[in-house]
Amino acid sequence: MSKLFDLYNNVVKKKLIKKFNYISVMQVPKLVKIVLNVSLNSEFLEKKKINDVFLNLKLISGQKPIFTRSKKSISNFKIRKNFIIGCKVTLRKDNMWNFLDKLIFIVIPRIRDFRGFSKKSFDKNGNLNIGIKEHNIFPEINYEKIICNHGLNISIIIKNNGINESFKLLKYFYFPFKLFN
């Protein structure tokens, strides 16, 4: 198991119960899933570049991604129905905990000029959404084999009652947030 999973079960749950005065252990916020998403634009129309994005996402997540396709044609964006517009992968259980461990302790420190994530990155349900501009900060990516540089969206889905609970949960996981927003 992951270090963060052990930390969550042994330390974080107890801290959250004490902080928010929960009656039951089932009220404690917990991670449900992590979704990695890459959106493709007009410069990724070549089959070679689409396959490169697919393989990069597979290396980063350790799991096979799926292609997202358009549901209808949009002439302004030059998109036809059933056209590949992205690639995504959903991580749960062990893969989720291992990826979060890698994200916090290996990947985020490699981001250039990083000052911390804003508390505004949380949506109204308390889920955290992070945008990464360059995928090459992940250690699995080989710099010599990069065909095209692309970004990545990471959504951390948390079962909770509000933004403050999600914030505290991730703060106990040593997730880097800005001191002042």
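Here is a short tour, one selection at a time.

Before you click, note that this is a predicted model, where local features need pLDDT of at least 70, side-chain atom pairs count only at pLDDT 80 or more, and totals for chains, interfaces and linings use all residues. Residues are numbered from 1 along each chain as its sequence is written, and side-chain values use heavy atoms, with hydrogens and water left out.

**Stop one: helix α3.** Select residues 93–107. Helices here are DSSP runs of H or I with at least four residues, strands are E runs of at least two, and both are numbered from the N terminus.

Now show the α3 side chains: the buried ones (under 20% relative accessible area, 1.4 Å probe, protein chains only) include Trp97, Phe99 and Asp101. The buried residues of α3 pack against α1 (3–20), β1 (30–39), α2 (47–61), β3 (84–91) and β5 (152–159).

**Stop two: asparagine 56.** Hop over to helix α2, where asparagine 56 sits. Its relative accessibility is 7%, so asparagine 56 counts as buried. Beyond its neighbours within four places in sequence, asparagine 56 is in contact (heavy atoms within 4.5 Å) with His135, Ile141 and His150.

**Stop three: asparagine 76.** Select the loop between β2 (66–69) and β3 to find asparagine 76. Finally, draw a C-alpha distance from asparagine 76 to aspartate 101: 41 Å, for residues 25 apart along the chain.

Key
The expected span of a helix is 1.5 Å times one less than its number of residues. Buried means under 20% relative accessible area, exposed over 50%, partly exposed in between (1.4 Å probe, protein chains only).
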